[in-house]
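Please read it alongside the sequence and coordinates.

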Amino acid sequence: MNRLCIKITGESGAGLLSTGDIIMKGFQHLGFYVVADREYPSLIKGGHACFAINVSTEPIAAISEKVDVMLAIDKQSLEAYYKDLKDAGILIHGYERPLGVKEIVAELEARNVQVVHQPVREIAEEMGGNVLMTNVVLAGMFWKVLGLPYEQIEKSVKEKFADKPKLLEIDLKCLKAGYEKVSELTKVKIPAKIKETILLDGGKAI
């Protein structure tokens, strides 16, 4: 793999930014170059938004519009962005009522998109969490589907929620559950050498 284009979609306030941070840091820990772009809608909470992440073994000059893998946190965001998926891509979602998105799934499967679904709210609650932790379950699913080592995404979650030790224990259970609920669909080739890089947003860079 020279480049992998990812889009995380969900409503504002549903953990979109946290999910993007966890996945970016996971790829950085593995030695990939990472470039991301967060969409900022006019709503503070609700609506739909996306977080685009491109990872590569080579430096990245621009974000791709079309994506290889989409991680959809809710139905509304899936409806808004599913057409951005490339043919033969991968959709990972946790919408509770799959029949509610059957037309979208049928359209994607006709384009050879592989669809991965688990009832993520139910899984999060079984692990002692709540609906706000469904994004961590999805992150675990995403990591396993790409055939990536669990230790790196676990490290990323520990860094993200280090200041919330009581919640961290539940988050790690949710992450592990998501990772174990799905099968590997592809194997992302990890760089042979880990690069010394840092993650910066525009404000920190200035």
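The axes of helix α5 (residues 134-145) and helix α7 (residues 165-181) come within 7 Å of each other and cross at roughly 40°, where axes are lines fitted to C-alpha atoms, for helices over the stretch in contact, and angles run from 0 to 180 degrees between N-to-C directions. This is a predicted model, in which local features need pLDDT of at least 70 and side-chain atom pairs count only at pLDDT 80 or more, while totals for chains, interfaces and linings use all residues. Residues are numbered from 1 along each chain as its sequence is written, and side-chain values use heavy atoms, with hydrogens and water left out.

**Packing of α5 with α7**
- The angle makes α5 oblique to α7, since angles under 35 degrees count as roughly parallel, over 145 as roughly antiparallel, 65 to 115 as roughly perpendicular and the rest as oblique.
- The crossing of α5 over α7 is right-handed, the term for a near helix turned clockwise from the far one by less than a right angle, anticlockwise being left-handed.
- Contact (heavy atoms within 4.5 Å) involves Val136, Val137, Ala139, Gly140, Met141, Trp143 and Lys144 of α5, and Asp171, Cys174, Leu175, Gly178, Tyr179 and Glu180 of α7.
- By class, this contact of α5 with α7 has 8 nonpolar, 2 polar and 3 charged residues, with Ala, Val, Leu, Ile, Met, Phe, Trp, Tyr, Cys and Pro counted as nonpolar, Asp, Glu, Lys and Arg as charged, and the others, Gly among them, as polar.
- Cys174, one of the α7 residues in the contact, is buried at 0% relative accessibility, where buried means under 20% relative accessible area, exposed over 50% and partly exposed in between (1.4 Å probe, protein chains only).

**Packing of α1 with α6**
- Helix α1 (residues 16-30) and helix α6 (residues 150-160) pack at an angle of about 130°, with their axes 8 Å apart.
- That angle makes α1 oblique to α6, and α1 passes α6 in a right-handed crossing.
- Among the contact residues are Ile22, Ile23 and Leu30 of α1 and Ile153 and Val157 of α6, and the residues of the contact divide into 5 nonpolar, 5 polar and 5 charged.

**Cysteines**
- A search of the whole structure finds 0 disulfides, a disulfide being a pair of cysteine sulfur atoms within 2.5 Å.
- For Cys5, the nearest cysteine sulfur, that of Cys50, is 13 Å away, and Cys5 is buried, with a relative accessible area of 3%.

**Positive phi outside glycine**
- Ala88, in strand β5 (residues 85-93), has a positive phi near 65° and is exposed at 52% relative accessibility.
- Asn112, in the loop between α3 (102-110) and β6 (114-117), has a positive phi of about 65° and is exposed at 57% relative accessibility.
- Helices (H or I, at least four residues) and strands (E, at least two) are DSSP runs, numbered from the N terminus.
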